[in-house]
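Welcome! Here is a short briefing to read alongside the model.

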Amino acid sequence: MPLSTNHKLSLIKDLLLSQQTEHFLTQNEQEQLTQLLSNVAQDQSLDSSLSDTISQIASASETDTFDSQAIDSWINQL
């Protein structure tokens, strides 16, 4: 059974919280985050603000530039 978009968003939140508290993601966690972001970004039913948030997280993920305040904001938006 495939994961729903809500489940994927919850997993993204969990990974962001891990990044925020530990200031580090394992290679596996980073790969999971990238995969989840890619899958959610392809969901045509997302509203534009959520789509923008996903893009922002993906950008930060690619450059490994996570900011604690940005993570708080993203988690609230998700």
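H23 is exposed, with a relative accessible area of 61%; exposed means over 50%, buried under 20% and partly exposed in between, using a 1.4 Å probe and protein chains only. This is a predicted model, in which local features need pLDDT of at least 70 and side-chain atom pairs count only at pLDDT 80 or more, while totals for chains, interfaces and linings use all residues. Residues are numbered from 1 along each chain as its sequence is written, and side-chain values use heavy atoms, with hydrogens and water left out.

**Two loop residues**

- H23 sits in the loop between α1 and α2; helices (H or I, at least four residues) and strands (E, at least two) are DSSP runs, numbered from the N terminus.
- H23 has a positive phi of about 55 degrees, although it is not a glycine.
- D64 belongs to the loop between α3 and α4, and its phi is also positive, near 55 degrees, in a residue other than glycine.
- D64 is exposed, with a relative accessible area of 53%.
- For background, most residues other than glycine have a negative phi.

**The overall fold**

- The protein has 4 helices and 0 strands, giving the pattern α-α-α-α along the sequence.
- The radius of gyration (taken over C-alpha atoms) is 12 Å, close to the 12 Å from the globule rule (2.2 Å times the number of residues to the power 0.38) for 78 residues, so the protein is as compact as a globular protein of that length.
- Taken along the principal axes, the C-alpha atoms fill a box of roughly 30 × 25 × 20 Å.
- Buried residues account for 35% of the 78 residues.
- Among contacts (heavy atoms within 4.5 Å) between residues at least 6 apart in sequence, 63% join residues at least 24 apart.

**The nonpolar core**

- The largest nonpolar core has 19 residues, of which I12, L16 and L78 touch the most other members; such a core is a set of buried Ala, Val, Leu, Ile, Met, Phe, Trp, Tyr and Cys residues joined through side-chain atoms within 4.5 Å.
- At least two residues of this core come from each of α1 (5-22), α2 (27-41), α3 (48-63) and α4 (68-77).
- Not counting residues up to four places away in sequence, I12 touches L33, L36, L37, V40, I54, I57 and L78.
- L16 lies in α1 and is buried, with a relative accessible area of 0%.
- With residues up to four places away again left out, L16 touches I57, F66, I71, W74, I75 and L78.

- I57 lies in α3 and is buried, with a relative accessible area of 0%.
- Leaving aside neighbours within four places in sequence, I57 is in contact with I12, L16, L37, W74 and L78.
- T53, found in α3, is buried, with a relative accessible area of 2%.
- Beyond its neighbours within four places in sequence, T53 is in contact with W74, Q77 and L78.
- S18 is found in α1 and is buried, with a relative accessible area of 13%.
- Not counting residues up to four places away in sequence, S18 touches H23, F24, L25 and E29.

- In α4, I71, W74 and I75 are buried.
- Seen down the axis of α4, its buried residues fall within an arc of 100 degrees (the arc of the directions from the helix axis to the C-beta atoms), so they line one face of the helix.
- These buried residues of α4 pack against α1 and α3, whereas the face turned away from the buried side carries the exposed residues Q69 and N76.
- At the start of α4, a side-chain oxygen of D67 reaches to within 3.1 Å of the backbone nitrogen of Q69.
- The structure holds 1 aromatic pair; rings of Phe, Tyr and Trp (its six-membered ring) pair if their centres lie within 6.5 Å, and planes under 30 degrees apart count as stacked, over 60 as edge-to-face and the rest as tilted.
- The rings of F66 and W74 have their centres 6.4 Å apart and their planes at 80 degrees, so this pair is edge-to-face.
- Both F66 and W74 are buried.

Conventions:
A polar contact is a pair of N or O atoms within 3.5 Å; within protein, one must be able to donate a hydrogen and the other to accept it, and residues adjacent in sequence count only if both atoms are side-chain atoms.
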